[in-house]
Structures are given as structure tokens and as C-alpha cells.
Amino acid sequence: MRTTGCSISLSPSSLASIFIDTDFFDIMESQLGAEDGTLAELYVLAHEYGHHIQNVYGVLEESQKDPQGADSGAVRVELMADCFAGMWMKHATETKDANGEVLITEISESDVRNAMGAAKS
């Protein structure tokens with residue numbers, strides 16, 4: 001994964017590793033208008049991991065065949081990564097860690113708004 005000033009992105013050569021520029025979370029809030037919140041940050045990570053899954057299965061490559069417009073492959077892969085992130089959020093409320101505690105105990109409406117703000121970033 002490669003980081004730029006305002007985004008986190010994957011590169012095919014880094015499938016075994018994920019690198020996060022944590023400054024992105026500050027940029028997301030200060031420059032892109034997303035609300036601060038732990039769940040919003042986790043949502044971004046889950047979204048980017050969704051891109052990793054897409055990369056493994058060749059979906060990212062296909063999206064570059066029509067990269068522009070509202071119905072483009074580029075838009076579809078972003079929506080799919082958002083879907084993966086939403087599925088992760090749901091399952092994180094049911095998945096237990098080694099101590100038997102769920103990963104996320106409760107998702108509030110504020111958490112959802114913050115995550116959606118992050119998705120718009």
C-alpha cells in the first residue's frame with residue numbers, strides 16, 4: 001500500500017503488507033471534513049482492506065478499464081470497498097477476541113455518521 005498526502009492506496013507489489021500513514025486520519029478531519037472517531041478510522045482501514053481483497057481477486061485491475069464517470073469501474077470498486085467495510089463493522093460487533101470480548105461493543109448513530117463522513121473523504 002502506498003500513501004499520498006490525502007489518501008491511502010494499495011499497490012500490487014504490497015499484497016503481503018499494509019502500511020498506514022496515520023497522518024491521513026488528521027488530514028481526513030482537518031482538510032476533508034470527516035468527523036473524528038475511532039470507528040471512522042476503523043472504517044477507513046476496513047475499506048482499504050476491501051481494496052486489498054479486490055486486488056487479490058483482480059477487481060482493481062478491471063476497474064481501470066473504465067475509470068471515469070458515475071457508472072465507471074472506479075466508482076464501483078469504491079462502493080464495493082465501502083460495502084466490505086460495512087460488513088466488517090457489523091461482524092466486529094459479533095466477533096470475540098481471545099478474552100471473549102466483542103471487538104466493538106456498540107455502534108451509535110454518531111459512529112455511523114462519522115464513518116459515512118470518512119467514506120466521503
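Colleague: Why is Val-102 called partly exposed?

Modeller: Val-102 has a relative accessible area of 25%. Buried means under 20% relative accessible area, exposed over 50%, and partly exposed in between (1.4 Å probe, protein chains only). The value of 25% therefore makes Val-102 partly exposed. This is a predicted model, in which local features need pLDDT of at least 70 and side-chain atom pairs count only at pLDDT 80 or more, while totals for chains, interfaces and linings use all residues. Residues are numbered from 1 along each chain as its sequence is written, and side-chain values use heavy atoms, with hydrogens and water left out.

Colleague: Where does Val-102 lie, and what does Val-102 contact?

Modeller: Val-102 belongs to the loop between H4 and H5. Helices (H or I, at least four residues) and strands (E, at least two) are DSSP runs, numbered from the N terminus. Contact means heavy atoms within 4.5 Å. With neighbours within four places in sequence set aside, Val-102 is in contact with Ala-92, Thr-93, Glu-94, Thr-95 and Lys-96. The C-alpha atoms of Val-102 and His-91 are 9.4 Å apart, and the two residues are separated by 11 residues along the chain.

Colleague: What makes Thr-93 partly exposed?

Modeller: Thr-93 has a relative accessible area of 25%, so it counts as partly exposed. Thr-93 also lies in the loop between H4 and helix H5 (109–120). Beyond its neighbours within four places in sequence, Thr-93 is in contact with Val-102, Ile-104 and Ile-107.

Colleague: What elements does the chain have, and in which order do they run?

Modeller: The chain has 5 helices and 2 strands. From the N terminus on, the order is β-β-α-α-α-α-α. Of its 121 residues, 31% count as buried.

Colleague: How do you know that the length of H2 agrees with its number of residues?

Modeller: The expected span of a helix is 1.5 Å times one less than its number of residues. For the 19 residues of H2 this should be 27 Å, and the end C-alpha atoms are 27 Å apart, so the two agree. H4, with 20 residues, reaches 28 Å from its first C-alpha to its last, close to the 28 Å expected.

Colleague: Why does Gln-54 count as buried?

Modeller: Gln-54 has 1% relative accessibility, and therefore counts as buried. Gln-54 lies in helix H2 and touches Val-59, Leu-60, Val-77, Met-80, Ala-81 and Phe-84, not counting residues up to four places away in sequence.

Colleague: Why do Tyr-43 and His-51 count as buried?

Modeller: Tyr-43 is at 4% relative accessibility, so it counts as buried; His-51 is at 7%, so it counts as buried too. For His-51 and Asp-82, 31 residues apart in sequence, the C-alpha distance is 9.4 Å.

Colleague: What makes up the largest nonpolar core?

Modeller: A nonpolar core is a set of buried Ala, Val, Leu, Ile, Met, Phe, Trp, Tyr and Cys residues joined through side-chain atoms within 4.5 Å. The largest one has 8 residues: Leu-39, Tyr-43, Ala-46, Ala-85, Met-89, Ala-92, Ile-104 and Ala-115. H2 and helix H4 (73–92) are the elements that give two or more residues to this core. Apart from it lies another core, of 6 residues, including Phe-24, Met-28, Ala-40 and Val-44.

Colleague: What does Leu-39 touch?

Modeller: Leu-39 touches Met-89, Ile-104, Ile-107 and Asp-111, with residues up to four places away in sequence not counted.

Colleague: Which residues make the contact between H1 and H2, and how do the axes cross?

Modeller: The axes of helix H1 (residues 23–30) and helix H2 (residues 38–56) cross at roughly 115 degrees and come within 11 Å. Axes are lines fitted to C-alpha atoms, for helices over the stretch in contact, and angles run from 0 to 180 degrees between N-to-C directions. The contact is made by Phe-24, Phe-25 and Met-28 of H1 with Glu-41, Val-44 and Leu-45 of H2.
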